[in-house]
Amino acid sequence: MREVIQIIKAEIVKSHQINFGDKRNYFIVLLWPILLFFTAYYSYKPLSFSEAGWSIFESKEVIIKFLIIGYLAYNCFFSLVRNALFMRNEREEGVLEIIFLSPAKRFALMYGRALGTVIQNVWMFGVFTAFILVYIGGFEKSTLLFFPLVFLLICISAGIWGGLLNTLFLFSRDTLVIFYLLDEPMLLFSGVKMPTAIFPFWAKVISFIFPITYVLYIARGTLMSTETLYELRGAFVALVLLLCIIIFTTSQLLRLAEAHYRKSGNINFY
Amino acid sequence: MLEAVNLSKTYRFAERKSFFKTNHRDICAVEDISLKIEEGKIIGLLGVNGAGKTTTIKMLSTLIEPTSGQITFNGIDCVKNPFELKKRINMIAGGERNLYWRLSAVENLEYFGALYHIPKAVLKERIKDLIEMTDLKEYEKAPVETYSKGMKQRLQFARGLINDPSLLFLDEPTLGLDVPIVAQMHHYIEKIVKEQNKGILITTHYMAEAEKLCDYIYILNKGKVNIEGTPSEIINLSDINSTVTITTNKEVLQKKWVHIETESYRKLGVKPEVDEQKQAISIHIKKEQIATFLQVLIAYDLVIHGVEIGDPKLEDAILQMSGDVRCEK
Amino acid sequence: MQVTIARIKYSFKNAMRADFWGTTIGRIVAGIYTVIFAAFMYHYMVKGNVSSSFTDYAGTDDYLAYIIVGAAFYSVSVSILMAVGRTFMVELREGVINEAFLSPASRLQILFGNGIEQYMRSIAEVSVIFLLGSFIRVRFKSTDLFSYIIMILLIFFALFSIGVLLSFIMLFMKDTYLSQNTFFLLINFLCGVSFPTEYLPKGLQYLSNCIPFTLLLKLMRRILIFGDSISTHISDVAIIFIMSTCILFIGSFLLRFYEKKYADRFIL
């Protein structure tokens, strides 16, 4: 266990050192969710909700809360995805081979990488929370208590999701297609930009495969005071089950990935 | 001791014939290689480009799985239990890769040290020692991308020793480095073998380096061990002779040259060559014949100003043998 | 011209061998998802109702056509900006930047070759987005061929000019990921890709108008959605051309300046 924690810690520190060696990166990474959020917010402007029976979305504050929670969670997930893409650089630099030369537990490596952006998420989450409170007049005091829970939920879920992506990226240097096939649908189908309740059945089925869908459901339910924790227990259970499946899949894929590159010898091709 | 028996590796290559059609081709990179790496010894693995050196080293270091064959380390089967070997080895490659360029020397070493589960306090001390040993103290906090080639290679060396390995694999470690840095690298290598009893497998294209460092050499050709032995054994396998050059004065040389030439041929079966400009005689003979040649010169009262004996080099031996039919030990 | 042709050949071969499916499918997928998202919002969320402000600003209530044109442009702009902007950074990463900068080849020709090759592929990629639009019954109006040709050339010129500037920024920051994604997000937000820029606060609207893409997108929508001829928008064409030319000059000047002064930062 000590070894696992050591590796996870080393991966987090390394990721932070590489991504934030230049301090400009802190502000760029903060700028992105702000831009994404406002793009989504203004995308709502051309549409008329009242005639369609979505009167709650007529309130600017509700739309903002809805989108901000969505983009906060999405950005955490996306930053972990971005970290997985970083593996491509490691192939080019030749360090991936050196890492796999070591006896470091592979599981710890994958999850350590995924959690490597935790530090930047803390920064971003904090600033964004302050932005919410200042811009729209704040949440109710009782909901503020849920912020740490929501943050923890996002980090754990995103970390596990990121572990899977890191493992998928081990298979080949040319796995950008996985990124496009998983990231864009995640943004569309998981309820980041619009409620999953409006989706047709087939879209809802797709949304169920992403952990962020459940995270957002829980986050919005608690932070927007629409549901109690007890009422959200179904979503919690579903999320835990899904995360367990993802962890299991990751472990199997990790074994396959290492066997694959040991056979083909191509871990460093770039 | 690491022992490899009958290692082979076949790669499958995909060749795209058209948009939808891909042909597969099997290429045997390494075939039936057997070798040993003992602690406290430096083993050389030589060969031309594409001979199978890197594939061999990657198999031995568990990065690649052999298609067939056995690798054992002190009795442990390393093909089945690669992680057991991973704890005890490390690898240093030449070139400027295998390091995080945006991280400093210390940060790189801290990270790689953590991968080997080295306790924090031990790691801190070890990093301090390695930074000092590789003379990087002044630049330890600067990002690696600002380092010169030599500095990067020294840091690679430090990284390779971070887990205090019993065995170290050096894949062309002095590639592209200048003479003083190469001398430094050799010094480090000899030091860790002598003082820390580490076993080293080194691949290199520089024959002089192999001759200087290696206790035993395997020479690969087309994926197989072509020749093996100590450097002197390999040299002796070839027909390369020593070159003896005697400088004298012009007048004496002109008077006595014909006699010396005839007598040398009679006694040694080889005719010497004369360089009138340099006022020197040179001859290519076996080491054991040198004394006889000198006796011939003395017998004719040749005034000897200087004697130079050029011993056969490993490079010459390998060049000669690669042109001949394969010599198998 | 020789440099451009050589670059086109290299760029095409490289694209075919290096993650062809990833980049091609990725861009098509991104464009498709933008359209799907808009279709979901339009059909399922608001049941086809757009606000009167949208009709005023866009000049049409055909929301999906509006979005499809934006998505198509955004997909092409990401492709071209990446192809042109990342040229020298990719050379740097692959260790061939020495050769690129050692040669007397025009840097603009190198960038142009990459850009034009990518543009040809992008036109194919973007047709998928329009095809999807036809499946969801979005109809575009047609106009004269000359208008389409000018539009296609103008799009490339505008994108190329910004791409050259981006190339300098990437070299300067020695980074591709952060700079390119910031650029893309800014384009998506400021240039009217998924909503009329009139919704933005006044200050941001001024900024938006400084980017040639904003006017270019408006022009594209006039041609594709309304069937206007380019001859009725000559002043817009001129403005886009002049802005792009200025940006191209600035970008190429900065590149040359940077290569002279700071080559030691990236020459291996």
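This is a predicted model: local features need pLDDT of at least 70, side-chain atom pairs count only at pLDDT 80 or more; totals for chains, interfaces and linings use all residues.
The interface between chains A and B is considered at the outset. Here, 22 residues of chain A are in contact with 24 residues of chain B. On the chain A side, the elements that give two or more residues are helix 1 (2–19), helix 5 (95–101) and helix 13 (233–264). Helix 1 of chain A supplies the largest share, with seven residues. By class, the chain A side that touches chain B comprises 10 nonpolar, six polar and six charged residues.

Helix 13 of chain A has 32 residues. From its first C-alpha to its last, this helix reaches 46 Å, close to the 46 Å expected at 1.5 Å a residue. Its buried residues are Leu239(A), Thr250(A), Leu254(A), Ala257(A) and Tyr261(A). The cover over these buried residues includes helix 6 (106–114), helix 9 (146–168) and helix 12 (211–223) of chain A. Gly265(A) follows helix 13 of chain A and has a positive phi, near 65°.

Two packed helices are described by the angle between their axes and the distance between the axes. Helix 4 (residues 63–85) and helix 8 (residues 145–173) of chain C pack at about 45°, and their axes are 8 Å apart. Helix 4 and helix 8 of chain C are therefore oblique to each other. Their crossing is right-handed. Helix 4 of chain C brings Val76(C), Ser77(C), Ile80(C), Leu81(C), Val84(C) and Gly85(C) to the contact. From helix 8 of chain C come residues including Ile155(C), Leu159(C), Phe160(C), Gly163(C), Ser167(C) and Met170(C). The contact of helix 4 with helix 8 of chain C has 11 nonpolar and four polar residues, and no charged residues.

Two backbone sites remain. Most residues other than glycine have a negative phi. Asp135(B) is not a glycine, yet its phi is positive, at about 55°. Asp135(B) lies in the loop between helix 4 (120–133) and helix 5 (149–160) of chain B. With 12 other C-beta atoms within 10 Å, Asp135(B) is exposed. Lys47(C) also has a positive phi, of about 50°, although it is not a glycine. The loop between helix 2 (20–45) and helix 3 (52–58) of chain C holds Lys47(C). Lys47(C) has 14 other C-beta atoms within 10 Å and is therefore partly exposed.

Definitions and conventions. Residues are numbered from 1 along each chain as its sequence is written. Chains are lettered from A and ligands numbered from 1 in the order in which they are written. Two residues are in contact if their C-beta atoms, placed from the backbone, lie within 7 Å. Helices (H or I, at least four residues) and strands (E, at least two) are DSSP runs, numbered from the N terminus. Ala, Val, Leu, Ile, Met, Phe, Trp, Tyr, Cys and Pro count as nonpolar, Asp, Glu, Lys and Arg as charged, and the others, Gly among them, as polar. A residue is buried if 20 or more other C-beta atoms lie within 10 Å of its own, exposed if 12 or fewer, and partly exposed in between; C-beta atoms are placed from the backbone. The expected span of a helix is 1.5 Å times one less than its number of residues. Axes are lines fitted to C-alpha atoms, for helices over the stretch in contact, and angles run from 0 to 180 degrees between N-to-C directions. Angles under 35 degrees count as roughly parallel, over 145 as roughly antiparallel, 65 to 115 as roughly perpendicular and the rest as oblique. A crossing is left-handed if the near helix is turned anticlockwise from the far one by less than a right angle, and right-handed if clockwise.
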